[in-house]
Amino acid sequence: MTRNIVVRQLGQQPIEDTEVELVERKGLGHPDYISDAVAEEASRQLSAYYKEHFGTIMHHNLDKVLLVGGQASPKWGGGDVITPIYIIVSGRATTEVRTSSGIEEVPVGRIIIKAVKDWISRNLRFLDPEVHVVVDYKVGKGSADLRGIFESRTATYRANDTSFGAGFAPLSTLERLVFETERLLNSKEFKSRVPASGEDVKVMGLRRGKSIELTVADAIVSRFVNGPEEYMSAKEEIKDAVLNLASKLAPDYDVKVYINSGDIPEEEVFYLTVTGTSAEHGDDGATGRGNRVNGLITPMRPMSLEAAAGKNPVTHVGKIYNVAAMEIAQLIYAKVPNIREVYVRLLGQIGRPIDDPLIADVSVIPDKGAQLTSDSRQEIASLINEYMSRLPTLSDRFLKGEVQLY
């Protein structure tokens, strides 16, 4: 297959040579992260049901999740959730399937509610899905044209949207540090050592030249702190852990770390929560407002605004192409010599085979003193063709939870 591939050289500065860089990550218990995660879990469990009962994944998109924050009354050593968090999953799905024995109804609502509660139970230590959360759904049937595109099997699956995906490699020092800071603070090892650290961890990174400032919000769990002194002690442990990580990942930078900088101790204002997430008291969330598929929000880099989570894993290029662009960029960076940075954009066109994007645009910043050669261009095109030829296998990886999406 001859694909539309463009490989070009960029004349811009690499990100780490610029004066200012901003990076953000919303962590495990952030309302936007929760919204993405439960949308994807609902899609995965519904896809598994379709495969088990009908032998194939049917058309669906469950990428419209709204989380409405509840109300809580944390206090030193305890507290309670007064009004539960409300989560509604919305979208489209195949709700009935014609089989040899007649029309079979799909229990879409039951699957969605179970999926949301399953994810919360597995990931948020102090949020009880039966007590602290109300789960609802509003799912309609897909439009006839999109179902028709989805079900057309005369060739490779066809895109059911016109959308693009964007990816880049490698991550900068700041990007790695922001990502790994949240992962460290939400690791089982750290939680066992500092249980007061909640799952709602948000990290904002600023680099100015060789100086880095990390602003970390960590929802402290009230049952583990009996007063301001214990609260401040927990904050110091979090700060020390982040500084220790920074010394390993960013040894050439001057790093400052701020934990819960909104605290005003003299006015008894502290970031204290009952369940470890700000969703318990008025902080809302929605799919697509959080991390991109590389786990970060990177305003200095190209990125798509698609909500990848919850979209069907077979034909929705808004999901598939964002992951593919990221993985292709990583592959090119690993395989092709003399590349400092690589950016990939894939554009899908509704009705077009998903393994044949309308364009695959690759832009490269070579190492200092190097140029993008014709051999390198050919190698990059070959890597893209090889990856796209096995693109349909992504569906199984989505179902197994092997693909990072947020």
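1. Tyr-49 is buried, at 14% relative accessibility. Buried means under 20% relative accessible area, exposed over 50%, and partly exposed in between, with a 1.4 Å probe and protein chains only. Phe-54 is buried as well, with a relative accessible area of 18%. This is a predicted model: local features need pLDDT of at least 70, side-chain atom pairs count only at pLDDT 80 or more, and totals for chains, interfaces and linings use all residues. Residues are numbered from 1 along each chain as its sequence is written, and side-chain values use heavy atoms, leaving out hydrogens and water.

2. How many aromatic pairs does a search of the whole structure find? The search finds eight. Rings of Phe, Tyr and Trp (its six-membered ring) pair if their centres lie within 6.5 Å; planes under 30 degrees apart count as stacked, over 60 as edge-to-face and the rest as tilted. Tyr-33 and Tyr-406 make an edge-to-face pair, 5.1 Å centre to centre with 80° between the planes. This pair links distant parts of the chain: Tyr-33 lies in helix α1 (residues 31-54), Tyr-406 in the segment after α9 (394-399), 373 residues apart. Helices (H or I, at least four residues) and strands (E, at least two) are DSSP runs, numbered from the N terminus. Tyr-33 is buried at 9% relative accessible area, and Tyr-406 counts as buried at 17%. Tyr-49 and Phe-54 also pair edge-to-face, at 6.4 Å between centres and 65° between planes.

3. Two lysines sit over rings. The charged end of Lys-210 is over the ring of Tyr-253, 4.0 Å from its centre. Lys-319 lies over the face of Phe-398, 4.9 Å from the ring centre. The criterion is NZ of Lys or CZ of Arg within 6 Å of the ring centre and within 35 degrees of the ring normal.

4. Helix α8 (residues 374-389) has 16 residues. From first C-alpha to last it reaches 23 Å, close to the 22 Å expected at 1.5 Å a residue; the expected span is 1.5 Å times one less than the number of residues. Its buried residues are Ser-376, Ile-380, Ala-381, Leu-383, Ile-384, Tyr-387 and Met-388. Why are they on the same side of α8? Because they cover an arc of only 160° around the axis, taken from the directions from the helix axis to the C-beta atoms. On the other side, Asp-375 and Gln-378 are exposed. The cover over the buried residues includes β1 (5-9), α7, β17 (339-348), β18 (359-366) and α9.

5. The largest nonpolar core has 73 residues. Such a core is a set of buried Ala, Val, Leu, Ile, Met, Phe, Trp, Tyr and Cys residues joined through side-chain atoms within 4.5 Å. Ile-87, Ile-332 and Ile-380 have the most contacts inside this core. Neighbours within four places in sequence aside, Ile-332 is in contact (heavy atoms within 4.5 Å) with Ile-339, Val-342, Val-344, Val-362, Ile-380 and Leu-383. A second, separate core of 31 residues includes Val-201, Val-216, Val-225 and Ala-250.

6. Thr-298 is in the loop between β16 (285-286) and α7 (317-335). Is Thr-298 buried or exposed? Thr-298 is buried, at 2% relative accessible area. Leaving aside neighbours within four places in sequence, its contacts are Leu-22, Val-23, Phe-168, Glu-175 and Met-303. Glu-175 is among the buried residues of α4.
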